[in-house]
Amino acid sequence: MDNPVPPRAADPGPRRRDRHGRGMRGPIAPPQVPLAASRAEVFADLVQDSVERLERRWPQLADIDFLVLEVPQLDAPGEGWSDETVPLGGTIASREGRPARVIVYRRPVEIRTKGRDERAALVHEIVVEQVAELLGLTPETVDPRYGED
């Protein structure tokens, strides 16, 4: 016991490094890099791109609200949808001074697609179908390239 270990200081001060000496953790990428965007933000951008593409041909779409929701909601507990598939989108007609709305459901779309290009194509198809329903037109009239691969 000739060289005893000196006791640690009671208050070492603020922690500047983690216990492995690598520094404090921070964001993986800066906010301006696409990697920093969440899946929900990327999906909303796909919907916005589709809407902008259609607005060039149909300026009245500026009066319609486009929303992205995670999943469709049932109207009442225990109530199912009219068919056996989960809806990918929906519409709400204008009423009481509120504009018409087109809704795209993010999670069902993401589950059905594998990559960004496939997801963008499906989002565009959904937006075209819902806009066609609101305007009382066929999807081919809303977007002549509807249904093409």
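Two strands count as paired if DSSP finds at least two bridges between them, and strands here are DSSP runs of E of at least two residues, helices runs of H or I of at least four, both numbered from the N terminus. This is a predicted model, where local features need pLDDT of at least 70, side-chain atom pairs count only at pLDDT 80 or more, and totals for chains, interfaces and linings use all residues. Residues are numbered from 1 along each chain as its sequence is written, and side-chain values use heavy atoms, leaving out hydrogens and water.

Let's start with the sheet. It's an open one of 3 strands, ordered β1-β3-β2, with mixed pairing. β1 and β2 sit at the edges with a single partner strand each, so one side of each has no neighbour in the sheet. β1 and β3 pair in the parallel sense over 5 bridges, and valine 68 stands opposite valine 104 in β3. Packed on the sheet is α3, touching β1, β2 and β3; contact means heavy atoms within 4.5 Å.

Now follow α3 itself. Helix α3 covers residues 116-135 and reaches 28 Å from first C-alpha to last, close to the 28 Å expected, where the expected span is 1.5 Å times one less than the number of residues. Its buried residues (under 20% relative accessible area, 1.4 Å probe, protein chains only) include Leu122, Ile126 and Gln130. Among the elements covering them are α1, β2 and β3.

Glutamine 130 is worth a look: its relative accessible area is 9%. Leaving aside neighbours within four places in sequence, glutamine 130 contacts Gly89, Gly90, Thr91 and Val102. After α3 comes glycine 136, with a positive phi near 70°.

Technical notes
Buried < 20%, exposed > 50% of the residue type's maximum accessible area, 1.4 Å probe, protein only. Axes fitted to C-alpha atoms, helices over the stretch in contact; angles between N-to-C directions.
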